[in-house]
Amino acid sequence: MDKMRQFGYQLQQRLAQFLYGRNGYDNLARACNAMAIILLLINIFAQSVIIYFLWVALFGYSIFRVYSKNVPKRYQENQKFLSMTEVPRKYIKLLRLQWRDRSVSRYYLCKGCHQQIRVPKGKGRIEIRCPKCGERFIRKT
Ligand SMILES: [Zn+2]
């Protein structure tokens with residue numbers, strides 16, 4: 001039993017050593033992985049060679065990112081990815097909050113600055129003023 005524990009410990013050490021100085025699982029790697037999984041599921045029905053190669057490419061790229069040792073470069077790519085997808089990510093977050101608080105609140109994104117605004121539900125048609133940029137818009141709550 002003691003030997004097993006020692007073996008487990010050694011394995012953990014090896015893994016830590018191996019991952020040290022590597023990029024790890026960042027947002028871009030996660031996004032590629034998620035897309036790869038979606039493609040895999042689609043391909044159960046579609047059975048397309050093109051989708052299969054796309055899956056291999058995306059999955060391979062996400063693994064490459066995790067184990068890459070060029071951390072500054074990968075960091076830059078990840079930041080670029082985050083800034084490019086900022087608006088859609090805000091919408092996804094909004095939908096999640098909208099669903100979570102669906103019985104009490106409504107959420108809107110300001111058209112001017114994409115600030116997220118929360119309004120109590122059931123107040124009828126009201127004018128909402130963005131606290132960040134002052135933009136006004138009318139919504140039914
Ligand atoms: Zn605004």
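Visitor: Which residues count as in contact with Leu109, leaving aside its neighbours within four places in sequence?

Guide: They are Lys90, Tyr91, Leu94, His114 and Gln116. Two residues are in contact if their C-beta atoms, placed from the backbone, lie within 7 Å. For Leu94, 15 residues away along the chain, the C-alpha atoms are separated by 7.9 Å, but the contact rule uses C-beta atoms. This is a predicted model, in which local features need pLDDT of at least 70 and side-chain atom pairs count only at pLDDT 80 or more, while totals for chains, interfaces and linings use all residues. Residues are numbered from 1 along each chain as its sequence is written.

Visitor: What makes Leu109 partly exposed?

Guide: A residue is buried if 20 or more other C-beta atoms lie within 10 Å of its own, exposed if 12 or fewer, and partly exposed in between, with C-beta atoms placed from the backbone. Leu109 has 16 such atoms within 10 Å, so it is partly exposed. Leu109 belongs to strand E1, residues 105-109; strands (E, at least two residues) and helices (H or I, at least four) are DSSP runs, numbered from the N terminus.

Visitor: Why is His114 put in the partly exposed class?

Guide: His114 has 15 other C-beta atoms within 10 Å, so it is partly exposed. His114 sits in the loop between E1 and strand E2 (116-120). Its phi is near 65°, a positive value in a residue other than glycine.

Visitor: Why is Gln47 called exposed?

Guide: Gln47 has 9 C-beta neighbours inside 10 Å, so it counts as exposed. Gln47 is found in the loop between H2 and H3, and its phi, near 50°, is also a positive value in a residue other than glycine.

Visitor: How do you know that the buried residues of H2 line one face of the helix?

Guide: The buried residues in H2 are Leu28, Ala29, Cys32, Ala36 and Leu39. Seen down the axis of H2, they fall within an arc of 95°, so they line one face; the arc is that of the directions from the helix axis to the C-beta atoms. An α-helix has 3.6 residues a turn, so residues three or four places apart point the same way. On the other side of H2, Ala34, Ile38, Leu41, Ile44 and Phe45 are exposed. The cover over the buried residues includes helix H3 (49-67) and helix H4 (71-84).

Visitor: What is the span of H2, and what is expected?

Guide: H2 has 20 residues and reaches 28 Å from its first C-alpha to its last, close to the expected 28 Å. The expected span is 1.5 Å times one less than the number of residues.

Visitor: What makes up the largest nonpolar core?

Guide: A nonpolar core is a set of buried Ala, Val, Leu, Ile, Met, Phe, Trp, Tyr and Cys residues joined through C-beta atoms within 7 Å. The largest here has six residues: Leu28, Ala29, Cys32, Ala36, Leu39 and Leu58. Helix H2 (residues 27-46) gives the most to this core, with five residues. Leu58 touches Cys32, Met35, Ala36 and Leu39, not counting residues up to four places away in sequence.

Visitor: Why are E3 and E4 said to pair?

Guide: Two strands pair if DSSP finds at least two bridges between them. Strand E3 (residues 125-129) and strand E4 (residues 136-140) have five bridges, in the antiparallel sense. Ile126 stands opposite Arg139 in E4. The two strands form a hairpin with six residues between them, and Gly134 in the turn has a positive phi of about 85°.
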